[in-house]
Amino acid sequence: VAGELLMTCMNKDCNVIFRGYVINASCELIPKIRISPFSIRQMYFAYPELKEREAGELREYLKKNFNSYAFLPKGRTAISVALDHYDLKKDDVVTILTTSGNFYISSCVTKEIEKKCKWSREVTDSTKVIFINHEFGYAYTEIEKIRKYNLPVIEDCAHTFFTKSPYIGEVGDFVIYSLPKAFPMQLGAILSSRKFDLGKVKVSWELGNYIERRLFSHIKRSEEIKQKRLVNYKLLAERLSFLGISPFFDYKLGTIPGVFLFRWLENIDYPSLKIYMQTNGIECSVFYGQNAFFIPIHDFIQENDIDYMCALLEFFYNQTINK
């Protein structure tokens with residue numbers, strides 16, 4: 001069945017019109033909806049240099065929300081800088097714990113750890129650091145369990161910039177935020193710490209200026225961003241329910257999802273779904289090991305974009321399941 005779908009939907013000589021949308025358009029005509037809110041339109045937006053008062057406002061915001069902090073190019077760089085604060089040997093272990101308990105971990109995380117030492121999904125006698133991944137905006141909540149180990153903790157909030165939870169930032173020596181997952185930026189991460197002074201961690205003036213100008217502009221939109229993501233979450237959940245799709249995590253007050261992570265039917269071919277959705281311009285992936293999948297949800301996604309993603313999923317369903 002999956003083979004038939006790929007022949008039908010990915011053959012460059014075979015276009016289909018469904019719900020008014022072109023399925024498998026020519027490569028130069030494919031739309032693009034990313035996980036990040038960044039698009040080419042934002043690349044050309046003018047972010048003015050900060051005045052002294054504005055720079056002061058931004059520093060006050062950062063100090064209030066991130067304690068001691070440092071700007072860095074990417075989240076993976078922040079992981080490396082955080083790990084450098086521990087005298088890790090090659091046989092030491094960083095134990096990774098996640099909200100869902102699923103084995104799936106981004107290679108961006110594991111590759112950085114592997115440069116220093118080993119990693120595991122369980123706490124062992126060799127564990128020297130615990131790495132908590134607050135997955136896709138949903139907080140890891142077993143904080144009391146973590147405290148009992150009396151080990152250093154790094155919290156990964158790559159997709160969790162907007163979520164407010166008593167479980168985030170409670171045990172971590174470091175907390176890591178990936179800015180392009182929250183704002184329309186091409187670079188930028190924040191490494192935050194309540195234990196270590198990060199004042200000596202420096203980046204180039206150009207990168208720091210790039211991050212500051214965009215942060216100042218977008219943090220003023222934080223409430224608007226959060227509300228729009230929740231609206232998109234609810235719209236996707238409602239419009240896709242008739243296909244048997246439902247959110248993977250139960251929603252909790254204060255959570256702002258980083259993606260729309262969903263469960264589908266047991267017989268969905270997720271690898272084929274990933275190829276099909278990406279071929280049609282949707283950045284997405286399989287949540288491996290959990291029969292789940294995720295698609296974008298950010299605040300620049302409009303109702304027409306949601307209509308398009310829903311149409312793509314319905315067409316896939318009709319071709320593979322509802323025959």
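Start by selecting Lys195, which sits in the loop between β9 (189-193) and α7 (205-219). The model on screen is a predicted one. Is Lys195 buried or exposed? Its relative accessible area is 58%, and exposed means over 50%, so Lys195 counts as exposed.

Between Lys195 and Ser107 the C-alpha to C-alpha distance is 27 Å, and along the sequence they are 88 residues apart.

The largest pocket has a volume of about 890 Å³. To find its centre, select Ser106, Cys108, His159, Ser178 and Lys181, the closest to that point among the 35 residues of the lining. Then colour α4 (75-83), α5 (107-114), β8 (174-178) and β12 (285-287); each supplies at least two residues of this lining. Which element gives the largest share? That is α4, with three residues. By residue type, the lining of the largest pocket holds 17 nonpolar, 10 polar and eight charged residues.

Move on to the second largest pocket, with about 460 Å³ of space. Select Asn65, Phe66, Lys164, Ile168 and Tyr177, which are the closest to its centre of the 25 residues that line this pocket. The elements to show here are α3 (52-66), β8, β9 and α8 (222-240), which give two or more residues each to the lining of the second largest pocket. Colouring that lining by type gives nine nonpolar, 10 polar and six charged residues.

To finish, keep β8 selected: this strand supplies at least two residues to the lining of the largest pocket, and two or more to that of the second largest pocket.

Key: Residues numbered from 1 in each chain as written. Predicted model: local features only at pLDDT ≥ 70, side-chain atom pairs only at ≥ 80, totals over all residues. Heavy atoms only, no water. Helix = DSSP H or I, 4+ residues; strand = E, 2+ residues; numbered from the N terminus. Buried < 20%, exposed > 50% of the residue type's maximum accessible area, 1.4 Å probe, protein only. 1 Å grid on protein atoms, 1.4 Å probe; cavity = no way out; pocket = protein on both sides within 12 Å on 5 of 7 lines; lining within 4 Å. Points joined across faces, edges and corners; volume = space filled by probe spheres on them. Nonpolar A, V, L, I, M, F, W, Y, C, P; charged D, E, K, R; others polar.
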